[in-house]
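Please open the structure in your viewer and keep the selection tool at hand.

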Amino acid sequence: MSTHTASEKKSPTTSRKKSSTAAEAQASTAGERNSVVNTVVIEAPADRVWRTCTDVERWPSIFPTTREVRRTEVGAHEVVMDMTVANELGVNAVRSHRWYRPDEFRIDFRMVTLPPAIAEMEGSWTVEPADGGARLVIEHIFVPRQDGEQEEGADTADLGDTLFRTTENVLAVLKEWLETDRDLAADEGLRDAWGPRNAGNGISAETFENCELFFSRLGLASLDWGDITMVLKDLRKESTHEDWADWHRRWSALGVHYEERAAEALAAGHLETFRTANRKAAACHHYAEFFYFDDAQAKIDSRDRVTEVFERGIPHLNEVVTAFNVTSDGLVVPGYLMRPPGEGPWPTVLLINGLDSAKEVELYAFAREFMARGMAAVVFDGPGQGVHIGRTPMAVDFERVVATVMEEVVRRPEVDEDRIGIFGVSFGGYLAARAAATVPGFRACVNLSGGFDLDNYSDVNVMVKKDFRFVFDQTDDDAMAELARTKLNLREIPPLRIPLLAIHGELDTIIPIDSCERMLDWAAEKTEMIRYPGERHVATNYFGDFIPRFSDWMADRLGAQARP
């Protein structure tokens, strides 16, 4: 690789055009599309210029205008960049979705978030061989904000001039940096942003330790190890209980990627690929927000996206899914009745969320197991759950919501009203047992890691406390601890008089196993318990063992059979 001294450098050569093709001139929803092109010849090999353009995490050390860059790999030759950039357009946080085409030395990009003056922007970076080095061509195709939306003075011509000047500055700096005599090996080595990684080619030991307890849960929702490593490589997370912003950003970016994959598959008529990608998209947006409390609105927006993505896929699912709404104490409670194809009525199971699961993700995974065994499933968002989280606090007497949903369920012809069971996970296990004891009509109850009480609230970890406070809209831990001690228990609830199956990890510190044992003592009918020594909350390492067991147990109690 040849290098050149500063005295041998040439000035950047540039060119510019506007609206040069019919496609660029077509009207968009926000205004006319305009094109600005900048070109520079750099005395460096084309492959080195290409690697510098793709090694975006190095940019803050090259370009003074780039203050911070975070890169998320979301697919083969596909990344999302989040940058803080300071230039003539101000200091702006922007997001760019980039598609690398290494065989052509080309990058196509679309801006997802933009400076206020710009409504839309996309374009390309292309590296071409040239005499003495390489030519880099950058094209920006943009739409300004319309009058009334744009900042004063940001008309099309001015905006084009500004984009041209700021890109010229970037290219001049890049030219100088690449033409300076430097040893690449001593310069930490440029790497292809889409290629193999050094340092273990994966997740750091610290990140693995901080996030390992979520891996089985991510797998339950159809995300695979490649998805997990794609998100967690270079994750900025030093604690299980803190630093969730980067986690949220990365899972959100992967969710957008899978939404785009799903749309492409649907357009091509590849329905199974669509179903897989759409399910992964919903899961990504859910896990982006499930422990993210630093930005309540961002959490709510991500949670709304989960429902939006899931409902986009309903017409194409293998199961029959019917949306419904009921009103409980003035609150609209949305839900889905899910059933296998074929004629009913079906034995049916109501599934109850915990604090941080989603009816479209974890509960859908459990519901699929029930449906595979000849049962219908009902999932819903009560106050403090799903689409209501952060908007309406959870009700202490949650059984009132269950009773309202039950009234809706039993009147439907698809449901066998004499064969209805109830299932709950985590805190939802407590809610399910409480509802089963007070709402008539249930035949059997499965409690996955719920307990009799929350007397240990003061001893649970920081994240779980944040979760409870957020869901119940409590101002501080003292208020939440008092609510947990006085209201969130089964002491005043009549004993359960239907069969109960409980599943619990013996090392659960969120809902200790002795709380679950108190639930078994409280129940008046036959009880069974599956215990896992050495396991934590929800015993997630044993999903493959206990999900079939509780699904079969419920099928036996309701007299369900899978149909050919």
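**First stop: the largest cavity**

Select Phe274, Arg275, Asn278, Arg279, Ala282, Ala283, Phe310, Gly313, Leu317, Glu360, Val361 and Tyr364, which line the largest cavity. This is a predicted model, in which local features need pLDDT of at least 70 and side-chain atom pairs count only at pLDDT 80 or more, while totals for chains, interfaces and linings use all residues. Residues are numbered from 1 along each chain as its sequence is written, and side-chain values use heavy atoms, with hydrogens and water left out.

A cavity here is a set of points, on a 1 Å grid over the protein atoms alone, where a 1.4 Å probe fits but cannot get out; lining residues have an atom within 4 Å of a point. The largest cavity holds about 100 Å³ of space, a volume being the space filled by probe spheres set on the points, with grid points joined across faces, edges and corners.

Next, colour helix 9 (271-289) and helix 10 (296-313), each of which supplies at least two residues of this lining. Helices (H or I, at least four residues) and strands (E, at least two) are DSSP runs, numbered from the N terminus. Helix 9 gives the most to the lining of the largest cavity, with six residues.

**Second stop: the second largest cavity**

Keep helix 9 and helix 10 selected, for each also supplies at least two residues to the lining of the second largest cavity. Its volume is about 60 Å³. Among the residues lining this cavity are His286, Glu289, Lys299, Arg303, Asp356 and Gln385.

Now display the open sheet of eight strands, whose order is 8-9-11-10-12-13-14-15, with mixed pairing. Two strands pair if DSSP finds at least two bridges between them. The edges are strand 8 (320-328) and strand 15 (527-532), each of which pairs on one side only.

Zoom in on strand 14 (residues 500-505), which runs parallel to strand 15 and is joined to that strand by six bridges. Select Leu501 to find its bridge partner in strand 15, Glu528.

**Last stop: the helices on the sheet**

Select helix 11 (residues 362-372), which packs on the sheet and touches, among others, strand 9 (331-339) and strand 10 (346-352); contact means heavy atoms within 4.5 Å. The direction of helix 11 makes about 160° with that of strand 10. Axes are lines fitted to C-alpha atoms, for helices over the stretch in contact, and angles run from 0 to 180 degrees between N-to-C directions. Finally, helix 17 (residues 543-558) runs at about 170° to strand 13.

Methods. 1 Å grid on protein atoms, 1.4 Å probe; cavity = no way out; pocket = protein on both sides within 12 Å on 5 of 7 lines; lining within 4 Å.
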